[in-house]
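Work through the exercises below with the sequence and the 3D structure at hand. Each task is followed by a solution in steps.

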Amino acid sequence: MKFYEIAVETTTELSELVAYILQEVTGQSVAIYDSTDLEKLNIEYIEQGVTQSGCVVKGYLGIDEIDKVELIKQELIKANLASNLNVVCKDDVEYLDKWKEYFTPIDIDNLTVVPYGYKGKICKEPIFIDTCLAFGTGQHETTSMCLSFLQKINCQGKTALDIGCGSGILSVAVCKLGAKQVVAVDYDDEAVNTTLKNAKINHFDQQIIVKNSNLLEKVEGKFDIVMANITIDILSKLKDSLPKVLKKDSLVIFSGILTTQLDKLYSVFNLSKLDTISQGEWSATLLINKWDN
């Protein structure tokens, strides 16, 4: 099937804002290709247009949605984002198979994120991931920090909420660590389907409930653990709705945050900080709710 790939050249600092704009306009998942992300893995980017010090954000449009390109340009201008935008028509089978060749097992503390179908030796507890786009593979710092935090807390017998579940990697991980039930939400159909697939691959399809939801619109109940690996702009939209899904002493993991944005995050939510970790430009934070909601 043919589709349009929208590539926006930007910087690490602005990449999350660009990604947010692309996601809002296209209604699809996006991918950030930052030359700093894979240095520790000693892997070269397979995508053309990413220089050694560059960053490209890519979004996707159906073959009949080319008119949205102009809207993307307008939104970038409104946000004062001077950027170089390119549009290329591609074939999905060729593109998806190409990037999967570069997805290899990744150790994150006591867990290993493994591409589904991998035949090599695995020494740690595996999380098998089969994803249709290059998001939620554990390669990005924001995901790996979430996985690290989950391994530091007690997940045994807990309920969890995964906001913006993407590939479902965090939902699967918290089940691996003993959670009894997870609600995973995302407004992107591709993410919902991928999370359902990965829940089944890892034999947690009875424990992981996946919903197509704009943030918390379709979420009911309260949870022991809440995870959100999304941008600060989207996190801020949870200011009023998040307390409704928290118990007293619920733990909250936020990631997808530039270190320079942490103070802004803390000012939005009335939660107590337990710990913060950083990798490169990115930070994740572990919070606790001390209020009876």
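A crossing of two helices is right-handed if the near helix is turned clockwise from the far one by less than a right angle, and left-handed if anticlockwise. The model used here is predicted.

**Exercise 1. Describe how helix α4 and helix α5 cross, and state which residues make the contact.**

Solution.
1. Two packed helices are described by the angle between their axes and the distance between the axes.
2. Helix α4 covers residues 141-150 and helix α5 covers residues 169-176; their axes come within 10 Å and cross at roughly 20°.
3. Angles under 35 degrees count as roughly parallel, and α4 and α5 are therefore roughly parallel to each other.
4. The crossing of α4 and α5 is right-handed.
5. On the α4 side, Thr 143, Cys 146, Leu 147 and Leu 150 make the contact; on the α5 side, Ile 169, Leu 170, Ala 173 and Val 174 do.
6. Sorted by class, this contact between α4 and α5 has seven nonpolar residues, one polar residue and no charged ones.

**Exercise 2. Determine how many residues of α4 are buried.**

Solution.
1. A residue is buried if its relative accessible area is under 20%.
2. The buried residues of α4 include Glu 141, Ser 144, Met 145 and Phe 149.
3. The count is ten of the ten residues, so α4 is largely enclosed by the rest of the structure.

**Exercise 3. Give the strand order of the open sheet of seven strands, and find its edges.**

Solution.
1. The order is β10-β9-β8-β11-β12-β14-β13, and the pairing is mixed.
2. β10 (208-212) and β13 (272-279) each have a single partner strand, so one side of each is left without a neighbour in the sheet; these two strands stand at the edges.
3. From one strand to the next, the twist averages 15°.
4. β13 pairs with strand β14 (residues 282-288) in the antiparallel sense, over seven bridges.
5. Asp 275 stands opposite Leu 286 in β14.

**Exercise 4. Identify the strands that α5 and helix α6 lie across.**

Solution.
1. α5 lies across β8 (159-163), β9 (181-186), β10 and β11 (223-229), and runs at about 145° to β11.
2. Helix α6 (residues 189-201) lies across β9 and β10, running at about 170° to β10.

**Exercise 5. Is Val 69 buried or exposed, and what is it in contact with beyond its neighbours within four places in sequence?**

Solution.
1. Val 69 is found in helix α2 (residues 68-78).
2. The relative accessible area of Val 69 is 8%, so Val 69 is buried.
3. Leaving aside neighbours within four places in sequence, Val 69 is in contact with Ile 6, Leu 61, Leu 85 and Val 87.
4. Val 69 and Val 87 are 18 residues apart in sequence, and their C-alpha atoms are 8.2 Å apart in space.

Key. Residues are numbered from 1 along each chain as its sequence is written. This is a predicted model: local features need pLDDT of at least 70, side-chain atom pairs count only at pLDDT 80 or more; totals for chains, interfaces and linings use all residues. Side-chain values use heavy atoms; hydrogens and water are left out. Axes are lines fitted to C-alpha atoms, for helices over the stretch in contact, and angles run from 0 to 180 degrees between N-to-C directions. Helices (H or I, at least four residues) and strands (E, at least two) are DSSP runs, numbered from the N terminus. Angles under 35 degrees count as roughly parallel, over 145 as roughly antiparallel, 65 to 115 as roughly perpendicular and the rest as oblique. Contact means heavy atoms within 4.5 Å. Ala, Val, Leu, Ile, Met, Phe, Trp, Tyr, Cys and Pro count as nonpolar, Asp, Glu, Lys and Arg as charged, and the others, Gly among them, as polar. Buried means under 20% relative accessible area, exposed over 50%, partly exposed in between (1.4 Å probe, protein chains only). Two strands pair if DSSP finds at least two bridges between them.
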